[in-house]
Amino acid sequence: MAHLRVDFFSDSLALSTSMTVLLPQRTTTRIGMAGATADGPPPVLYLLHGLSDDDTVWLRRTSIERYVAPLGLAVVMPQVHRSFYADEHHGGHYWTFLSEELPALVHSWFRVSGRREDTFVAGLSMGGYGALKWALRQPERFAAAASLSGALHIGGTRSGRVRAEDPRLFERIYGDRSPAGTDDDLLALVGRADPAALPALYVCCGEQDELLEGNRTFLAACAEASVPVTTSFGPGVHDWAYWDATIQDVLAWLPLPR
């Protein structure tokens, strides 16, 4: 695969930022890792990072390149800092960057498919929240969306470890308003969604993860709204051993040509 670190200026953020990109490459002489490409533009996975990470972390902490190489799948990993993929009250317009500017730049710079059936999003922790928010707010863009150990219940996240580590994080992002009931609230988005219009959804979380209850709360909201979700719960904590294993499950679940 081709690995690119792209440094560029974002008009939405009014600053320079970056993304890490993996592009499929068909190979015949590489030892130890097969490569594949499709006849046309390859399908693309937007893969989102967590609260304390950046656009390079999936490549450094997992074997994502090795896992996607035989699938002919492009992977785009953007940098959004500690934004919860939102247009911050005191800060950058990260939702606008993610949902509007980033895909436009990707399609202007790289030969990847723009078809809904070839476009996917996934993420871990804060990125799991971001992936499902993007899919629920723009369901026409994605065929599938997956959350790994996602921070899926904003109310629960506000009172957890995040508050201890960064007590003014949500004040910076949301100001003095509560995200409850808004388009930053996954429970509200599910309640307003048309189940028939949504992409396929996947949620996994370790049973020893402190975000487990938030995941269960989200799934209860999905059940109430008749929104189908593929789930996977088992032993695991909030760490890279779990995410390196479960990203392989997500890739196997994606509706890719096999």
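Reader: Which residues line the second largest pocket?
Author: Arg26, Ala36, Thr37, Ala38, Pro41, Pro43, Leu71, Gly72, Arg115, Asp118 and Pro257. A pocket here is an open set of points on a 1 Å grid over the protein atoms alone, where a 1.4 Å probe fits, with protein on both sides within 12 Å along at least five of seven lines; lining residues have an atom within 4 Å of a point.

Reader: How much space lies in the second largest pocket?
Author: About 160 Å³. That volume is the space filled by probe spheres set on the points, with grid points joined across faces, edges and corners.

Reader: And what is the lining of the second largest pocket by class?
Author: Six nonpolar, two polar and three charged residues. Ala, Val, Leu, Ile, Met, Phe, Trp, Tyr, Cys and Pro count as nonpolar, Asp, Glu, Lys and Arg as charged, and the others, Gly among them, as polar.

Reader: Where does this model come from, and how are residues numbered?
Author: It is a predicted model, where local features need pLDDT of at least 70, side-chain atom pairs count only at pLDDT 80 or more, and totals for chains, interfaces and linings use all residues. Residues are numbered from 1 along each chain as its sequence is written, and side-chain values use heavy atoms, with hydrogens and water left out.

Reader: New topic. How do S1 and S2 pair, parallel or antiparallel?
Author: Antiparallel, over nine bridges, with strand S2 covering residues 15-23. Strands (E, at least two residues) and helices (H or I, at least four) are DSSP runs, numbered from the N terminus. Two strands pair if DSSP finds at least two bridges between them.

Reader: Which residue stands opposite histidine 3 in S2?
Author: Leucine 22.

Reader: What sits between the strands in that hairpin?
Author: Four residues. In this hairpin, alanine 14 takes a positive phi near 55 degrees. Leucine 13 is also in the loop between S1 and S2.

Reader: Leucine 13, buried or exposed?
Author: Buried, because its relative accessible area is 9%. Buried means under 20%, exposed over 50%, and partly exposed in between (1.4 Å probe, protein chains only).

Reader: What does leucine 13 touch?
Author: Gly92, His93, Tyr94 and Phe97, not counting residues up to four places away in sequence. Contact means heavy atoms within 4.5 Å. Leucine 13 and tyrosine 94 are 81 residues apart along the chain, yet their C-alpha atoms are separated by 6.8 Å.

Reader: What about serine 10, where is it found?
Author: In strand S1, residues 2-10. Serine 10 counts as buried because its relative accessibility is 0%. A polar atom of its side chain lies 3.0 Å from the backbone nitrogen of leucine 13. Leaving aside neighbours within four places in sequence, serine 10 is in contact with Leu15, Thr17, Phe97 and Glu101.

Reader: Which strands does S7 pair with?
Author: S7 pairs in the parallel sense with strand S6 (residues 144-148), over five bridges. S7 also pairs in the parallel sense with strand S8 (residues 230-234), over five bridges. Serine 147 has valine 203 in S7 as its bridge partner, and cysteine 204 has serine 232 in S8.

Reader: How many residues of S7 are buried?
Author: Six of its seven, so strand S7 (residues 200-206) is mostly covered.

Reader: What does the side chain of threonine 62 reach?
Author: The backbone oxygen of tryptophan 58, at 2.6 Å. The side chain of threonine 62 also reaches the backbone nitrogen of isoleucine 64, at 3.2 Å.

Reader: And what does threonine 62 touch, leaving out residues up to four places away?
Author: Val57, Trp240 and Asp244.

Reader: Last one. What is the phi of histidine 81?
Author: Positive, about 55 degrees, although histidine 81 is not a glycine. Histidine 81 is in the loop between S4 and helix H3 (94-109). Its relative accessibility is 40%, so histidine 81 counts as partly exposed. Serine 125 has a positive phi of about 55 degrees too, but serine 125 counts as buried, at 12%.

Methods. A polar contact is a pair of N or O atoms within 3.5 Å; within protein, one must be able to donate a hydrogen and the other to accept it, and residues adjacent in sequence count only if both atoms are side-chain atoms.
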